[in-house]
Amino acid sequence: MLLEYLGHACFKITQDSFSLIIDPYSSGSVPGLADLKEKANQVICSHDHYDHYGLSEVKLLNVRVDTPFALEVIDTYHDDKQGELRGKNNINIITHEDTRIVHMGDIGCMPEDEQIDKIKGCDVLLIPVGGFFTTAPDITWEIVKKVNPKVCIPMHFRSETFGYDVIGTVDEFLKYADIPAERIGSSLNIDDLGAERRLIVMTPSKA
């Protein structure tokens, strides 16, 4: 299974010939990122904000292929006021055989214990780390510790060349981590993660 980081909170997951894109951003919505112009068999979104709901940016392949992924959705909030500020948010659990990838969307609150239990020990946790619109970096790391994934991959952060000015850099999040970060390119083979806990910073392919 191949995981590709396109940018912001958008990832492409490919198993065999089937591809799924999650949280595509609308053209021009994220400073410094090129338009998506992607193709996929399936698209899912965590919520309907323009930087996560650019459905028109992904061309659905006109080929009937059964999905290899099972999908489970956990209802959460985009803020710590039960959605009063920014609305609801979905945590999406994408499963293929024994592999679970959890995309936290724009999580803005500490998930409830029973919600944590559903994603605890997942293979890959994709989590926003820039704060402001989502949980602050220290709270985000507390979520990571509770979930205890095999691999944690930060998303929804800024750099010198891309992202919103009001959100933080990935380095502001990494200072709370208790394991060293690996920095790689834009793709990762999910079938070869190894046994050790890992914190992996991916490079957006659209940056």
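## A walk through the two sheets

Select Leu 2 to begin: its bridge partner in strand S2 is Thr 14. Before going on, note that this is a predicted model, in which local features need pLDDT of at least 70 and side-chain atom pairs count only at pLDDT 80 or more, while totals for chains, interfaces and linings use all residues. Residues are numbered from 1 along each chain as its sequence is written, and side-chain values use heavy atoms, with hydrogens and water left out.

**Stop 1**

Now show strand S1 (residues 2-7) and strand S2 (residues 10-15), an antiparallel pair joined over five bridges. Strands here are DSSP runs of E with at least two residues, helices are runs of H or I with at least four, and both are numbered from the N terminus. Two strands pair if DSSP finds at least two bridges between them.

Angles run from 0 to 180 degrees between N-to-C directions, using axes fitted to C-alpha atoms (for helices, over the stretch in contact).

**Stop 1: Tyr 25**

Next, click on Tyr 25, in the loop between strand S3 (18-22) and strand S4 (38-40). Is Tyr 25 buried or exposed? Its relative accessible area is 1%, so Tyr 25 counts as buried. The cut-offs are under 20% for buried and over 50% for exposed, with partly exposed in between (1.4 Å probe, protein chains only).

Show side chains, and look for the backbone oxygen of Ala 34, 2.6 Å from a polar atom of the Tyr 25 side chain.

**Stop 2: the seven-strand sheet**

Move on to the open sheet with the order S7-S8-S9-S10-S11-S14-S12, which has seven strands and mixed pairing. S7 and strand S12 (181-183) are the edge strands, each pairing on one side only. Here, too, the twist averages 20° from one strand to the next.

Zoom in on S7 and S8, which run antiparallel and share eight bridges. Leu 71 stands opposite Ile 94 in S8. Then bring up helix H2 (residues 137-147), which packs on the sheet and touches strand S10 (124-128), strand S11 (151-155) and strand S14 (198-201). The direction of H2 makes about 165° with that of S10. Contact means heavy atoms within 4.5 Å.

**Stop 3: His 78**

Select His 78 in the loop between strand S7 (70-77) and strand S8 (88-96). With a relative accessible area of 2%, His 78 is buried. Which side chain makes a polar contact with that of His 78? It is Asp 106, at 3.1 Å. A polar contact is a pair of N or O atoms within 3.5 Å; within protein, one must be able to donate a hydrogen and the other to accept it, and residues adjacent in sequence count only if both atoms are side-chain atoms. The His 78 side chain also reaches the backbone oxygen of Phe 133 at 3.1 Å. Leaving aside residues up to four places away in sequence, the residues His 78 touches include His 47, His 49 and Arg 86.

**Last stop: zoom out**

Color by secondary structure for three helices and 14 strands. Of the 207 residues of the chain, 54% count as buried. Along its principal axes, the C-alpha trace spans about 45 × 40 × 35 Å.
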